[in-house]
Amino acid sequence: MRRRMAAGNWKMNGLRADLAEIAAIAALRPDCEMVLCPPATLIAPAAAALGAGGAALALGGQDCAARASGAHTGDISAEMLADAGASHVILGHSERRADHGEGDKLVAAKVAAAWEAGLVAIVCIGETEAERAAGRTLSVLAGQLARSIPDHARAGHLGVAYEPVWAIGSGRTPSPQEVQDVHAALRQGIETRFGADVAAAVRLLYGGSVKPENAAGLMSLPDVDGALVGGASLRAESFAAIVAAIDAA
Ligand code: PEP
């Protein structure tokens with residue numbers, strides 16, 4: 001009932017020379033929904049290059065402003081992302097939270113702005129290594145989830161990515177059982193707040209060092225509906241292997 005999702009996050013990587021890599025990803029024809037979030041500078045050229053044939057690959061931003069327009073130098077609004085060809089946006093990534101001091105309240109305002117512009121928001125939450133060591137993983141995530149998502153959530157315009165901060169770019173991941181336990185708890189939290197229909201339909205992605213080698217084990221878990229992939233999404237070959245693992249799950 002939930003269509004799985006493979007989302008790639010290129011972070012601050014990618015120039016126009018890399019449009020060929022995006023085209024190679026778009027040429028995949030998976031069963032799952034594929035979303036690539038390149039730097040904002042590449043969204044419009046990628047959308048133009050993909051044209052109608054790009055239907056298999058949706059494009060997303062990596063952040064958007066909470067406000068719709070105005071005197072906010074350097075910010076990019078959700079409407080601008082949509083205008084450039086994006087249908088999705090990653091919000092609350094731990095690198096935004098750490099590098100730019102973004103808190104849950106701001107993330108929730110950005111999610112509301114994304115929804116207003118018709119974008120699907122992929123909201124990232126995750127515990128730090130210290131929080132994990134203190135046994136606080138589930139309580140930290142419950143708080144982030146509650147505060148980062150506005151009240152009027154619908155499953156169709158929301159994805160949640162569980163991304164342990166310590167797993168991002170480190171080559172380390174929680175065990176599959178730990179990921180399943182977290183995702184089951186997140187789905188329960190969503191059900192309590194938004195109801196059973198939303199909980200059953202919302203996609204819960206796992207992110208943090210997903211690679212071709214570990215994708216099958218992580219993607220076959222009952223409450224994992226796909227992956228948010230950083231480093232391994234930069235090359236079509238490795239992203240394709242993860243996409244194949246998602247489809248096979
Ligand atoms: C990310 O930052 O969203 C991410 C999942 O990165 P990586 O796959 O490189 O750990």
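Select glutamate 33 and arginine 203: their side chains meet in a salt bridge, with 2.9 Å from N to O. The two residues come from distant parts of the chain, 170 residues apart. Glutamate 33 belongs to strand S2 (residues 33-37), and arginine 203 belongs to strand S7 (residues 203-207). Keep in mind that the model on the screen is predicted.

Now show the surface around this pair. Are the two partners buried or exposed? Glutamate 33 has 17% relative accessibility and counts as buried. Arginine 203 is buried as well, with a relative accessible area of 11%. Both values fall under the 20% cut-off for a buried residue.

Next, select arginine 147 and aspartate 104. Their side chains also meet in a salt bridge, at 2.8 Å from N to O. This pair links helix H7 (residues 137-148), which holds arginine 147, to helix H5 (residues 104-116), which holds aspartate 104. The partners are 43 residues apart in the chain. Aspartate 104 is buried, at 11% relative accessibility.

Then select Arg2, Arg187, Asp223 and Asp225 together. Salt bridges that share partners join these four residues into one network.

Move on to glutamate 95 and lysine 11. What joins them? They form a salt bridge, and their closest N and O atoms are 2.8 Å apart. Glutamate 95 lies in helix H4 (94-100), while lysine 11 lies in the loop between strand S1 (5-9) and helix H1 (19-26). Glutamate 95 is partly exposed, with a relative accessible area of 29%.

Select every charged side chain next. The protein chain has 21 positive and 27 negative side chains, and the centres of these two sets lie 2 Å apart. In the whole structure, a search finds 15 salt bridges.

Finally, zoom out and colour by secondary structure. How many helices and strands does the protein chain have? There are eleven helices and eight strands. The radius of gyration is 17 Å, close to the 18 Å that the globule rule gives for 249 residues, so the chain is as compact as a globular protein of that length. Along the principal axes, the C-alpha atoms fill a box of roughly 45 × 45 × 35 Å.

Switch to a surface view of the chain. Its accessible surface comes to about 10700 Å², and 54% of that belongs to carbon and sulfur atoms. Buried residues make up 50% of the 249 residues. Among contacts between residues at least 6 apart in sequence, 73% join residues at least 24 apart.

Key
Residues numbered from 1 in each chain as written. Predicted model: local features only at pLDDT ≥ 70, side-chain atom pairs only at ≥ 80, totals over all residues. Heavy atoms only, no water. Helix = DSSP H or I, 4+ residues; strand = E, 2+ residues; numbered from the N terminus. Rg over C-alpha atoms; globule rule 2.2 N^0.38 Å. Buried < 20%, exposed > 50% of the residue type's maximum accessible area, 1.4 Å probe, protein only. Contact = heavy atoms within 4.5 Å. Areas by Shrake-Rupley, 256 points an atom, 1.4 Å probe, with all protein chains shown as cover. Lys, Arg positive; Asp, Glu negative; His and termini not counted. Charge placed at Lys NZ, Arg CZ, Asp CG, Glu CD.
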